[in-house]
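Good morning, and thank you for coming.

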Amino acid sequence: MNDRIDMQLNRLLAEMAEAPPPEPGEAFLARVMADAAREQPGAAARDVLPGLPRGARVLRPVPGRSAGWIGALAEVFGGRGALAGMMLATVAGLFLGVTQPALLTPLYSETPLDSLDLLSGSDNLWTEVAQ
Amino acid sequence: MPRDTLAEVSDDALLVLYANGDPDAARRLTLRLAPRALAYAGRLLGDRAEAEDVVQDALLRLWRMAPNWRPGEAQVSTWLYRVVSNLCIDRKRAAMRRPASALADAPEVASGSPDAAAQMMQAQRMAALEEALQALPERQRQAVLLRHVEGLSNPEIAAILEVGVEAVESLTARGKRALAAALSGRRDALGYADEAEV
């Protein structure tokens, strides 16, 4: 008796499982889509800028960064590291301009470049190889 | 993203696409998840309109947590089943217990043909089963539906109900025993009265 009831119950549950799930109605879908559009990141910006396409990413200020003119200038140069590099190069240029270091000409004018021999033994080496 | 490409995208990825502003991801995800969620909520609550409210609420929570979703940590469908389960429990607790209306709500089928008779008998069986399911304790009903109707594994059900696997086995077994007891007195309604004894 119990086995038969179990079998019938299993058959009933299987019938229920095989029944196609209900298709969501249009009204239900419209409500869900309205929720999704409202909650989608960037939705507030689209309300302010209605022309902004729905897929557009909205840049937001990064917390913890200074919003002063130095921060704005750093953003223009691509970050604080890039700004520091540019400032270092500027200072170096100013330093060279102000101090006007001696020209390098005296260093090479004493030894003419056409008489400079960087590999003094290479002629002998080539001769031995040729023999 | 083209629709044919989105069809192969996982639920996880669709949710991330939604969080990144993809205009089509929410609709694709809803069409993929809502039918089963509606069926499950409908069987838990016994009311289609209430089921729609619950699923809409569950999906709203999904949209809100999309930016913080961590792909690979949990399945979106499992998460949704859990939220729907909890929302249904909340509704059941808040509302006065309604008399089961499944039999009254059974669709009317034109009589006169063998097909119509068979359809009517099947509708009667489903109504009887739904009525018996409604009479089960909440957790047992959820466990039986998730195991035997939604076809989920015991570990998946354990994650949804937030209990251990052994507790799921116990809930399912007790639920089925109670269902069998409830239906044993209604064999005529199930159309099995004339079956031979085994």
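Chain B has 11 helices and zero strands, where helices (H or I, at least four residues) and strands (E, at least two) are DSSP runs numbered from the N terminus. Residues are numbered from 1 along each chain as its sequence is written, chains are lettered from A and ligands numbered from 1 in the order in which they are written, and side-chain values use heavy atoms, with hydrogens and water left out.

Of the 198 residues in chain B, 47% are buried; buried means under 20% relative accessible area, exposed over 50%, and partly exposed in between, with a 1.4 Å probe and protein chains only. Taking contact as heavy atoms within 4.5 Å, 64% of the contacts in chain B between residues at least 6 apart in sequence join residues at least 24 apart.

One residue illustrates such a contact. Ser85(B) lies in helix H5 (residues 76-94) of chain B and is buried, with a relative accessible area of 1%. Beyond its neighbours within four places in sequence, Ser85(B) is in contact with Tyr40(B), Leu44(B), Gln142(B) and Ile160(B). Leu44(B) is 41 residues away along the chain, yet the two C-alpha atoms are separated by 8.1 Å. With Tyr40(B), the side chain of Ser85(B) makes a polar contact of 2.8 Å. A polar contact is a pair of N or O atoms within 3.5 Å; within protein, one must be able to donate a hydrogen and the other to accept it, and residues adjacent in sequence count only if both atoms are side-chain atoms.

I turn now to the interface. How many residues does each chain bring to the contact? Chain B gives 48 residues and chain A gives 32 residues. The area buried between them is about 3,800 Å², with 62% from carbon and sulfur atoms; buried area is the accessible area (1.4 Å probe) that two parts lose on being put together, summed over both. Four salt bridges are found across this interface, a salt bridge being a side-chain nitrogen of Lys or Arg within 4 Å of a carboxyl oxygen of Asp or Glu. Arg64(B) forms a salt bridge with Glu39(A), with the closest N and O atoms 3.4 Å apart. On the side of chain B that touches chain A, H3(B) gives the most, with 10 residues.

Arg43(B) belongs to that helix, H3 (residues 25-45) of chain B. Is Arg43(B) buried or exposed? Arg43(B) is buried, with a relative accessible area of 12%. Its side chain reaches the backbone oxygen of Met16(A) at 3.3 Å, and its contacts beyond four places in sequence include Ala19(A), Glu130(B) and Arg141(B).

Finally, a word on confidence. The mean pLDDT of chain A is 75, and 63% of its residues reach 70 or more; pLDDT is the predictor's confidence in each residue, from 0 to 100. Within chain A, helix H2 (residues 26-39) is highest, at 94, and helix H3 (residues 43-48) is lowest, at a mean of 56. Over residues 58-64 of chain A, pLDDT stays under 50. Where pLDDT is low, the predicted coordinates should not be read in detail.

Definitions and conventions
Predicted model: local features only at pLDDT ≥ 70, side-chain atom pairs only at ≥ 80, totals over all residues.
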